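Hi everyone, thanks for making time.

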Amino acid sequence: MGSQIYGRCFFFVFALILSAASAASAALPSNKSSTTAVNSNSVLVALLDSHYTELAELVEKALLLQTLEEAVGNHNVTIFAPKNEALERQLDPEFKRFLLEPGNLKSLQTLLMFHIIPSRIGSTQWPDSGSGRHHKTLSGNHEHLHLATHKPTGRKSVNSAQIIRPDDVTRPDGVIHGIESLLIPRSVEDDFNRRRNLRTISAIHPEGAPEVDPRTHRLKKPAPVPAGAPPVLPIYDALAPGPSLAPAPAPGPGGPKHHFDGESQVKDFIHTLLHYGGYNEMADILVNLTSLATEMGRLVSEGYVLTVLAPNDEAMAKLTTDQLSEPGAPEQIVYYHIIPEYQTEESMYNSVKRFGKVRYDTLRLPHKVVAQEADGSVKFGQGDVSAYLFDPDIYTDGRISVQGIDGVLYPTEEEEAKTEKKSAPVVKVAAKPRRGKLMEVACRMLGAHFSTCQ
C-alpha cells in the first residue's frame with residue numbers, strides 16, 4: 001500500500017516538472033523576437049566604423065544607438081551622412097555649441113534622425129530630372145526630405161545638400177550616401193533662434209525707493225515712491241563689487257503698468273544692432289558671453305538711462321586672446337563703453353564743440369572716457385587708444401542710446417599708473433616746539449623770573 005502511494009506521488013512530481021519545462025520552452029521564441037540583435041553586417045555598424053567619424057560621434061553623444069538599432073531592425077533605411085568637414089569646420093560654432101548643450105539633447109536627436117529615411121533608396125532609384133520626391137524621416141516632426149536630380153548636370157541632391165558620394169556604403173539592411181553639408185530641420189532651427197531672442201532677460205521691478213544710512217551708506221527700510229520718480233541712488237550704487245552688475249535698489253516705475261520696460265528696450269536695441277549690420281560681435285558679448293544684457297534691462301527698468309559706445313566688428317576683431325582671457329575681461333571692456341547718461345550725436349558734438357574736451361563717467365569706476373572734437377566729428381579716447389563716432393544714433397529711444405564707434409577704448413589711467421611709478425622724495429621737517437598756554441600764563445603771573453620762561 002505504501003509503495004503504491006509513493007509511486008503515485010513520484011508520478012505527480014514528474015508531471016509537474018514536464019509541464020514547467022514545456023512552458024519554459026514555449027516562452028523561448030517570444031524572448032528571441034523581443035530582443036533585436038544587430039548583425040555585424042548591418043548598416044548601423046558600418047556607419048559607426050566608417051570615415052564619417054564626426055557623425056558617428058554625434059550619434060553616440062545623442063544616445064541614439066538603441067533607437068537606431070530598433071529602426072534598422074524594423075526598416076531598410078537610407079542614411080545621409082555629412083562629410084567630416086561639414087561638421088568640423090563649416091558648421092557655425094555657436095550652432096554646434098547649442099547642439100552639444102545637455103539641455104538641447106532633444107534638438108540634437110531630432111537633427112540626426114532627420115538624416116534617416118525608413119526605406120531603401122539607392123542612387124539608381126533617385127527621381128528623374130525635373131521632378132522631385134518627398135520622403136518622411138525618422139525625426140517624427142512631420143518634416144520631409146526632398147530628393148531631386150538637376151537637369152543640366154544630373155547632380156543629385158537632398159534638400160539643399162549635394163550628394164557627393166552616392167551609395168558610399170551599402171548593406172543588406174540599408175545604404176549610406178555622403179552629402180556635402182548638414183541637413184537642418186525647421187524645428188531645430190526655430191529652437192536655436194528662440195534661444196537667441198533674449199527671452200531669458202527678466203527685468204526686476206522694485207516697488208519702492210530705499211533709505212540710505214549716511215554713516216554706512218547702506219540701505220535701510222524701503223520707502224514708497226510714486227511710479228515714474230527718478231532713482232534715489234546714483235547709478236554707481238547699483239553696481240555690485242566685482243565684474244557684474246547687481247539689481248539696483250533704486251525705485252522702479254514698473255508696477256502693473258510697466259512704465260519702464262527695460263527687458264523690451266534692451267531686446268529692441270540688440271535686435272537693432274543685428275539688423276543694422278556690422279555690430280554682431282558686440283551683440284554676442286552682451287547676450288551670450290556675458291549677462292550684461294540682463295543687467296542693463298534691470299537698470300533701465302529701475303529708471304536709469306544709458307549710452308552705449310558700440311565698437312563695430314572690425315574693431316572687435318582686433319582684440320587678442322590675452323585681452324579676453326582674464327576673468328571678467330569682457331565685462332570690464334564693455335563697462336568702459338557704457339555711459340550712465342543719455343547722449344546723442346548732437347548733444348555730444350555740441351558739448352565737445354563748446355568745451356573742447358569732455359570727460360564722461362563710465363560704469364567702470366573710477367575711469368572716465370574723454371571726448372573731443374576732431375575732423376568735424378567726436379573722437380573718444382587719447383593717443384593710440386582712440387575711436388571716432390562712426391555710426392551715430394543707431395538706436396535712441398529716450399532711455400538707451402547706442403552710438404557706433406570704430407575702435408575699442410581702454411582707460412588711459414591704467415597706462416599712466418604704469419609709467420608714473422616714481423614719486424617725489426619725502427623730506428622730514430622738524431617741527432618747532434611750541435610753548436603751552438598754561439606755561440605762558442604761569443610765566444606772566446610770576447613775572448618771567450624763571451629760566452623756563454626765557
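I'll go through the sheet, the cores, some salt bridges and one proline.

A quick word on the ground rules. This is a predicted model, where local features need pLDDT of at least 70 and side-chain atom pairs count only at pLDDT 80 or more, while totals for chains, interfaces and linings use all residues. Residues are numbered from 1 along each chain as its sequence is written, and side-chain values use heavy atoms, with hydrogens and water left out.

Let's start with the sheet. Strands here, like helices, are DSSP runs numbered from the N terminus (E, at least two residues, for strands; H or I, at least four, for helices). Two strands pair if DSSP finds at least two bridges between them.

Now look at β1. With strand β7 (residues 174-179) it pairs in the parallel sense over 6 bridges, and Ala81 stands opposite Gly178 in β7. With strand β2 (residues 116-117), β1 runs antiparallel, joined by 2 bridges; there, Ile79 stands opposite Ile116. Further along, β4 (residues 144-149) and β5 (residues 156-158) are antiparallel, with 3 bridges, and Leu147 faces Val158 in β5.

So is β1 buried or exposed? 6 of the 6 residues of β1 are buried, so this strand is largely enclosed by the rest of the structure. Buried means under 20% relative accessible area, exposed means over 50%, and partly exposed is in between (1.4 Å probe, protein chains only). Val77, Ile79 and Ala81 point one way from β1, while Thr78, Phe80 and Pro82 point the other way.

In soluble globular proteins, nonpolar side chains tend to be buried together. By a nonpolar core I mean a set of buried Ala, Val, Leu, Ile, Met, Phe, Trp, Tyr and Cys residues joined through side-chain atoms within 4.5 Å. The largest one here has 30 residues, and Phe95, Leu112 and Ile176 have the most contacts inside it. Elements that each supply at least two residues of this core include α3 (53-61), β1 (77-82) and α8 (186-195). Another core, of 29 residues, lies apart from that one, and among its members are Val266, Ile270, Leu292 and Ile338.

Next, salt bridges: a side-chain nitrogen of Lys or Arg within 4 Å of a carboxyl oxygen of Asp or Glu. How many are there? The count comes to 4. One of them joins Glu57 and Lys61, at 3.2 Å from N to O. Both lie in helix α3, 4 residues apart, about one turn of the helix. Glu57 is partly exposed at 37%, and Lys61 is partly exposed at 42%. Lys368 and Asp361 form another, with the closest N and O atoms 2.2 Å apart.

Last stop, Pro392. You'll find Pro392 in strand β15 (residues 385-396), partly exposed with a relative accessible area of 33%. Pro392 and Thr344 are 48 residues apart in sequence and 7.7 Å apart in space, C-alpha to C-alpha. Leaving out residues up to four places away in sequence, Pro392 touches Glu345 and Gln403, where contact means heavy atoms within 4.5 Å.
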